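Q: Hi! Could you walk me through this structure while I have it open?

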Amino acid sequence: MSSALLATFEPDATPADPLNFTSAQGDVSAREVGDVVVYQFRNKTFRLDKTKARERLAGKKVINGHRSAELNVLPLKYHEAYRIYKQMKANHWEPDVIDMSKDAHQWNTNALSAKERWIIEMSIGYFSAAEGIVGDSVLHVIEDNLTAAELKHASLRHIAEESIHMDSLLHIIGSLNIDLDEVTAKFQDIPSIFKKNAFITKHMPALKMGIDLTQTVNKQAFAKALFAITQVMEGTQFYALFAMVLSLHRQNKMTGIGQMFQYTLRDESNHIALGRYILTELINENPDIWTNEFRLELCEFMREGVELEKEFVSDCLPEDIVGMRQQEFLDFVEFNADRRLQGLGLPTLYKVRNNPFQWLDEVIFLKKEKNFFETRVTEYQTSGSVQNSNEEDLI
Ligand SMILES: [Fe+2]
Ligand SMILES: [Fe+2]
């Protein structure tokens, strides 16, 4: 027992040792006995057993952990998930505050070439389906199977951000007065879009039914779904189209959409980081997942995703246009695939040495690009938020 057990303090003063004190009036006291803290309030005694907290901490796991009916994050175990959650919160934005009048004027006065218009149309067609696929998969496949509250909270924030992205597309469609039926038809009738989406989602139905995650084969299915959504789809298959729209933005075309895609891209960088973190912790806790065969399976899955993405890039940009070379976008797909694989310690596939769109990474962190865009809001972070100390980790 501590010698500070009977230390006295003035009313309203903070005791020097909060676990061993007696108030000046003698009506409140606390003492620590082994792992138990005993509080005495007049005639009431409370015994707080700290071993229970430690057991709860030990019971926390990415999957197959202690499940409770609450989303209580305490005791906090996955600190990085909480940090990413705070980063996501700091980047909060609302689509409908973005002024679309200049975009609408350009759209309606044929300021864009037919090929540039096609890029915008493909963006709206693809992302209007893709954002929903990500949101649904994170909700029913990822979040539902996680058992640690802070991972669930961060995933729920991820889902909420997909709703914001979906909302941004509706804001674009409404502002430009684009035919909704035509948008819907795009993700059903354009083979490269349909194939990309089917490729990502084909394994999801079984995972949504609830599977026994104590079996290695099922843990691997879960890990593959995490990889598919966050590293292949969000981390690789989103980026070329982002780069095309932001290339237009650089030419002062469709700057409202460009601004929304800038914020979306920054959100995506957090989603990729969260997915990578959950996957890494999952593998640390379940080394049976990480066989050589499974690692190769993930690499092959990425390779297939890249091939589909190249077909899609060729549909979006069939030939070079002013300020955009098709080959650079194809290289960019390979570059992103490699960096996602590298982030998980997997062998790279393409060895593209340089990022053809270095400027795009800088766009993610707006404070580096203060005067880059002509649009009004160049720093959209909530007040009181802190710039990430290690931004490279989030890309
Ligand atoms: Fe998104
Ligand atoms: Fe996302």
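**A chat about the model**

A: Happy to: Asp-49 is exposed, with 12 other C-beta atoms within 10 Å (buried takes 20 or more such atoms within 10 Å, exposed 12 or fewer, partly exposed lies in between, and C-beta atoms are placed from the backbone).

Q: What kind of model is it, and how are things numbered?
A: This is a predicted model, where local features need pLDDT of at least 70, side-chain atom pairs count only at pLDDT 80 or more, and totals for chains, interfaces and linings use all residues. Residues are numbered from 1 along each chain as its sequence is written, while chains are lettered from A and ligands numbered from 1 in the order in which they are written.

Q: Back to Asp-49, where is its place?
A: Asp-49 sits in strand 5, residues 44-49 (strands are DSSP runs of E, at least two residues, helices are runs of H or I, at least four, and both are numbered from the N terminus). Leaving aside neighbours within four places in sequence, Asp-49 is in contact with Asp-35 and Val-36 (contact: C-beta atoms, placed from the backbone, within 7 Å).

Q: New topic: is Ala-81 buried or exposed?
A: Ala-81 counts as buried, because it has 27 C-beta neighbours inside 10 Å. Ala-81 belongs to helix 2, residues 79-90.

Q: And what does Ala-81 touch?
A: Not counting residues up to four places away in sequence, Ala-81 touches Glu-150, Leu-151, Ala-154, Leu-274 and Tyr-277. Ile-278 is 197 residues from Ala-81 in sequence, yet their C-alpha atoms are 8.0 Å apart.

Q: How many residues of helix 11 are buried?
A: 26 of the 31 residues in helix 11 are buried, so it is mostly covered.

Q: How do helix 7 and helix 12 cross?
A: The axes of helix 7 (residues 191-201) and helix 12 (residues 292-316) come within 9 Å and cross at roughly 160° (axes are lines fitted to C-alpha atoms, for helices over the stretch in contact, with angles from 0 to 180 degrees between N-to-C directions). Helix 7 and helix 12 are therefore roughly antiparallel (over 145 degrees; under 35 is roughly parallel, 65 to 115 roughly perpendicular, and the rest oblique).

Q: Which residues of helix 7 meet helix 12?
A: Ser-192, Ile-193, Lys-195, Lys-196 and Phe-199 of helix 7 do, and their partners in helix 12 include Glu-304, Leu-308 and Phe-312.

Q: Last one: how many helices and strands does the protein chain have?
A: The protein chain has 14 helices and five strands, and 36% of its 395 residues count as buried.

Terms used: Contact = placed C-beta atoms within 7 Å.
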